[in-house]
Amino acid sequence: MSKLVTAFTEGIIAFTATNIDDIIILLVFFSQIDINFRRRHILLGQYLGFAAIIIASLPGFFGGLAIQREWIGLLGLLPIAIGVQQLLSKKEEAITVQTVSTDFSQPTPTNPILAFLLSVLHPQTYKVAAVTIANGGDNISIYIPLFAGQNFTSLAVILSIFFIMVGVWCAIAYSLSRQPTITNILSRYGHALVPFVLIALGVFIMYERGTFSLLPIDFKLGDGA
């Protein structure tokens, strides 16, 4: 029983420590909700992206394999690409949203399974998932050693905590985004800032993981040799 309690505690601590910054990203996402970008896209995207992070971390459980930190940083290219794409196609997106708004005014499918599948396949869901993967890429280097040495029961407890906490994180971010002060700021400046936030996030991810050291360029200054 003590091992399960330990796994429970480790799961909460590990998730909280590695996903504090996700609250900010989720706040930005929830400020963008409109007829073409729904809460379900954010929730599903978070779960898909986090599931991918977990899958990439499982080698730590099955064999203690490690992924080089610098290569993990390449995931930062995902939010950079999305941010640049949004900057380059702002006018086109505005027209598209207006067009899609007419399409989405039609009744949603009454079949819940069909509605769920359409939400999973929606491009917005994959945008959220891509940012989630990139922002959580460094989690892999923490989850691999965390999973290593666990038995199946302890691993199941940790993963259960993780996936519950994803929903809790989304609920917290959504609640904060509903606060009048936060909502006014995000609604006024959110759309304009989102591309820059994503690009800055990608650059930070690559810098913090040491990905730039992979480039065949010597950035050292003052080298008189």
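Trainee: What makes the pair serine 31 and glutamine 32 a polar contact?

Mentor: Their side chains are joined at 2.8 Å. A polar contact is a pair of N or O atoms within 3.5 Å; within protein, one must be able to donate a hydrogen and the other to accept it, and residues adjacent in sequence count only if both atoms are side-chain atoms. The contact between serine 31 and glutamine 32 is between side chains, so it qualifies. Bear in mind that this is a predicted model: local features need pLDDT of at least 70, side-chain atom pairs count only at pLDDT 80 or more, and totals for chains, interfaces and linings use all residues. Residues are numbered from 1 along each chain as its sequence is written, and side-chain values use heavy atoms, with hydrogens and water left out.

Trainee: Why does serine 31 count as buried?

Mentor: Its relative accessibility is 17%. Buried means under 20% relative accessible area, exposed over 50%, partly exposed in between (1.4 Å probe, protein chains only). So serine 31 is buried, although it sits in the loop between α2 and α3.

Trainee: Why is threonine 9 called partly exposed?

Mentor: The relative accessible area of threonine 9 is 36%, so it falls in the partly exposed range. This residue lies in helix α1. Helices are DSSP runs (H or I, at least four residues), and strands are E runs of at least two, numbered from the N terminus. The protein chain has twelve helices and zero strands.

Trainee: What makes α3 oblique to α10?

Mentor: Their axes come within 8 Å and cross at roughly 50 degrees. Axes are lines fitted to C-alpha atoms, for helices over the stretch in contact, and angles run from 0 to 180 degrees between N-to-C directions. Under 35 degrees is roughly parallel, over 145 roughly antiparallel, 65 to 115 roughly perpendicular, and the rest oblique. Therefore α3 is oblique to α10.

Trainee: Which residues touch the most other members of the largest nonpolar core?

Mentor: Phe15, Tyr143, Phe147 and Phe162 do, in a core of 40 residues. α11 gives the most to this core, with ten residues. A nonpolar core is a set of buried Ala, Val, Leu, Ile, Met, Phe, Trp, Tyr and Cys residues joined through side-chain atoms within 4.5 Å.

Trainee: What span is expected of α11?

Mentor: The expected span is 1.5 Å times one less than the number of residues. α11 has 26 residues, giving an expected 38 Å, and reaches 38 Å from its first C-alpha to its last.
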